[in-house]
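Student: Could you walk me through this structure? I'd like to ask some questions as we look at it.

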Amino acid sequence: MNLFFENVRLALFSLKANKMRALLTMLGIIIGIASVIAIMTVGNSLSSYMTGELSSLGTNNVYVSISRREKKTETTEEGHSFEQDNSQASLTEDDLMNREMIENYAETYADKISAIGIQRNVGSGQIVQGTKKIGVDVNGITLGYMLTDNVKLKAGRFFNERETGTSKRVCIVSNKVVDKMFGGNDSDAIGSIVQVQIDTAYYDFTIVGVYDYEAGAGALASYMSMGDTTDMYIPYQTAADIVHADYVVYFTVLAKADVDPDEFADLTKQFFAPYYRNNDNWTIDAYSMASYVEMMSSMMGTLTTAISVIAGIALLVGGIGVMNIMLVSITERTREIGTRKALGAPNSSIRLQFIVEAVVICLIGGMIGIAIGVGGGSLAASLLLKSPANPSIASIIGSLLFSMAIGVFFGYYPANKAAKMDPIEALRYE
Amino acid sequence: MEERKKIIDLQDIIKKFYIGTPNELTVLHGIDLEVYEGEFVAVVGASGSGKSTLMNIIGSLDRPTSGKYVLDGVDMIKAKDSELSGIRNQKIGFVFQTYNLIAKTNALKNVEMPMLYAGVHGKKRTERAKELLTLVGMEDRMKHLPEELSGGQKQRVAIARAMANDPAIILADEPTGALDSSTGRLVMDIFHKLHREQGKTIVLITHSPELAEETDRVITLKDGLVTSIRSGMGGRLE
């Protein structure tokens with residue numbers, strides 16, 4: 001143990017004596033480790049952010065939307081084949097889903113569906129009350145939306161069947177609206193009539209409920225919209241009447257707990273396929289939240305692998321650099337090696353000395369790399385995601401072990417060469 | 001006459017280089033040499049006489065082609081390669097012409113080095129190293145790096161280092177060769193002190209007849225053979 005610490009001390013000394021050389025040697029290791037750690041930090045933050053946000057929306061959700069058909073190859077009568085280009089095809093009202101289709105769907109799979117959430121965006125507007133104003137994004141929603149999008153009511157109640165069926169002017173607003181317009185007093189807000197300006201028109205809505213903006217899916221939307229603007233929910237039919245349009249581009253289904261969402265997504269696609277049999281450009285796509293999360297993490301995984309390969313090459317080059325510098329170092333210190341042997345150092349301790357030196361170089365390089373990686377990754381994560389960085393402890397420990405392994409691997413050959421030096425030759429070396 | 005213990009017992013040592021090639025070269029032609037405990041012996045000879053080769057063999061850095069060598073009761077011919085480093089560590093203290101202190105390592109750490117390889121523990125090691133540095137008059141410069149010391153000072157540290165594990169012999173190869181005469185004198189005085197006060201067995205390799213004369217016995221090598229063994233002044237003064 002004595003000898004080991006002595007070796008570490010010696011290694012640090014020799015690094016200190018050749019600072020520039022040591023730094024250049026470490027550069028490959030630093031770059032390699034830093035890039036792995038940075039991407040892992042970003043990836044970790046991203047995936048914990050995504051899963052956090054997405055799972056708040058419900059893991060049993062299936063998303064159904066209009067989607068562009070994949071290109072088809074057609075063969076003409078003359079035998080020429082060409083690829084049909086539908087990338088320019090525009091979406092017309094005829095291509096969209098209508099309420100009847102969705103009602104049929106709900107009836108067919110009544111035993112599998114616990115809620116269907118449809119959202120009809122009316123547009124951004126603002127609630128105006130005297131001199132007070134607050135921006136809102138007005139959305140018409142069906143009863144199921146509260147379940148599929150996990151909207152948590154803080155006070156009041158949700159719309160009832162009568163209100164949704166008859167285009168009543170009622171609304172549910174966020175606690176932010178209540179904070180600004182009613183001084184945070186929910187009971188004052190509920191029952192109040194507010195004036196909402198959408199484009200140039202004004203509408204009066206009665207507040208029936210307040211939802212918790214922070215807790216629900218609203219948090220995700222807030223990253224996309226700016227400032228104080230939150231969603232204001234109105235009954236679906238009310239929205240359809242305001243915009244004079246009753247078609248559906250996408251909707252969300254909450255499958256029952258015992259239904260496999262992936263299988264149900266396939267069933268959903270099959271259900272809608274006949275409606276679009278004659279539509280060359282558009283079709284209906286359905287995917288589950290689980291498959292969406294999976295897709296995101298597999299994308300992240302692919303990216304991580306790609307960067308890891310590049311980092312691996314940097315580490316390989318770095319390792320060769322370490323080997324090179326160790327060979328230089330043992331040549332420079334040939335007399336020292338001879339002297340140590342004369343003083344009674346066994347070959348094994350000479351070998352240990354230089355392996356420790358290589359490991360120390362790599363370890364310091366690794367630590368600098370980790371520091372840069374965590375720093376850079378956290379910065380990127382906080383800029384891109386506005387979420388706290390989440391460096392993976394496992395990858396940090398892994399990187400430290402890996403850089404030590406590089407030291408041992410690339411240090412062994414030079415160290416062994418030093419250990420096997422002939423003491424007489426070494427002592428005579430000028 | 002009282003029975004004296006043989007520390008070095010070399011018999012018919014032959015050393016050949018490039019064996020089996022047209023360049024085969026016999027450097028030592030059959031050396032017989034005995035050194036007794038507490039003796040201060042000088043080996044002199046011109047360059048090419050085989051002094052260095054003999055020293056390498058005595059120092060167990062090299063093996064003879066044939067012959068017998070017993071060092072302090074250990075048969076060095078039978079010793080395995082892996083055992084030689086331990087023997088060097090315990091039984092031999094080297095002093096080189098070029099000092100060979102470990103760079104960027106202070107005097108104290110340099111003296112501790114052989115003890116480190118011997119597995120002597122921290123406090124004991126440092127205490128012993130301080131003791132030895134005091135013995136050679138370097139107690140004020142223990143924390144100095146080799147590059148901060150003069151040639152004579154370096155050599156004194158090297159002598160302290162050679163003494164670290166209380167070896168059976170000190171093997172000094174031209175220890176004053178790189179020093180001016182007055183510093184050389186100082187270094188020689190330290191060897192005499194170690195010899196007189198500690199009863200150290202010292203083998204001094206030198207080409208200076210004056211220094212050789214100060215020792216108990218002078219062994220002259222020529223063309224790989226011992227041509228004369230005679231008592232030096234040191235022996236007579238005793």
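Predicted model: local features only at pLDDT ≥ 70, side-chain atom pairs only at ≥ 80, totals over all residues.

Student: Where in chain A does Thr206(A) lie, and in which strand?

Tutor: Thr206(A) touches Arg169(A), Val170(A), Gly191(A) and Ile193(A), leaving aside residues up to four places away in sequence. Met146(A) is 60 residues from Thr206(A) in sequence, and their C-alpha atoms are 18 Å apart in space. As for the strand, Thr206(A) lies in residues 201-211 of chain A, which is β10.

Student: What separation in Å do the centres of domain 1 and domain 2 of chain A have?

Tutor: Domain 1 of chain A takes in 2-54 + 295-428, and domain 2 takes in 97-248. Going by C-alpha atoms, the distance between the two centres is 56 Å.

Student: Which residues have the most contacts inside the largest nonpolar core?

Tutor: Nonpolar side chains tend to be buried together in soluble globular proteins. The largest nonpolar core here has 116 residues. There is also a second, separate core of 52 residues, with Ile113(A), Ile127(A), Val136(A) and Phe272(A) among them. In the largest core, the residues with the most contacts are Ala358(A) and Val203(B).

Student: What does Ala358(A) touch?

Tutor: Here we skip residues up to four places away in sequence. Ala358(A) then touches Val322(A), Met326(A), Gly407(A), Phe410(A), Gly411(A) and Ala415(A).

Student: Which strands are at the edges of the open sheet in chain B?

Tutor: The open sheet has four strands in the order β2-β1-β4-β5 (chain B), paired antiparallel. An edge strand pairs on one side only. That gives β2 (25-36) and β5 (74-75) of chain B.

Student: And in β2(B), what is the bridge partner of Lys15(B)?

Tutor: Strands of a sheet pair through backbone hydrogen bonds. Strand β1 (residues 6-17) of chain B runs antiparallel to β2(B), and nine bridges join them. For Lys15(B), the partner in β2(B) is Leu28(B).

Student: Why is chain B called as compact as a globular protein of its length?

Tutor: Chain B has eight helices and 10 strands. For 238 residues the globule rule gives 18 Å, and chain B is as compact as a globular protein of that length because its radius of gyration is close to that, at 18 Å.

Student: What percentage of the residues in chain B is buried?

Tutor: To count as buried, a residue needs 20 or more other C-beta atoms within 10 Å of its own. Among the 238 residues of chain B, the buried share is 47%.

How values were computed. Residues numbered from 1 in each chain as written. Chains lettered and ligands numbered in written order. Domains from an automatic or database assignment. Helix = DSSP H or I, 4+ residues; strand = E, 2+ residues; numbered from the N terminus. Contact = placed C-beta atoms within 7 Å. Pairing = 2+ DSSP bridges. Core = buried A, V, L, I, M, F, W, Y, C linked by C-beta atoms within 7 Å. Buried ≥ 20, exposed ≤ 12 C-beta atoms within 10 Å, placed from the backbone. Rg over C-alpha atoms; globule rule 2.2 N^0.38 Å.
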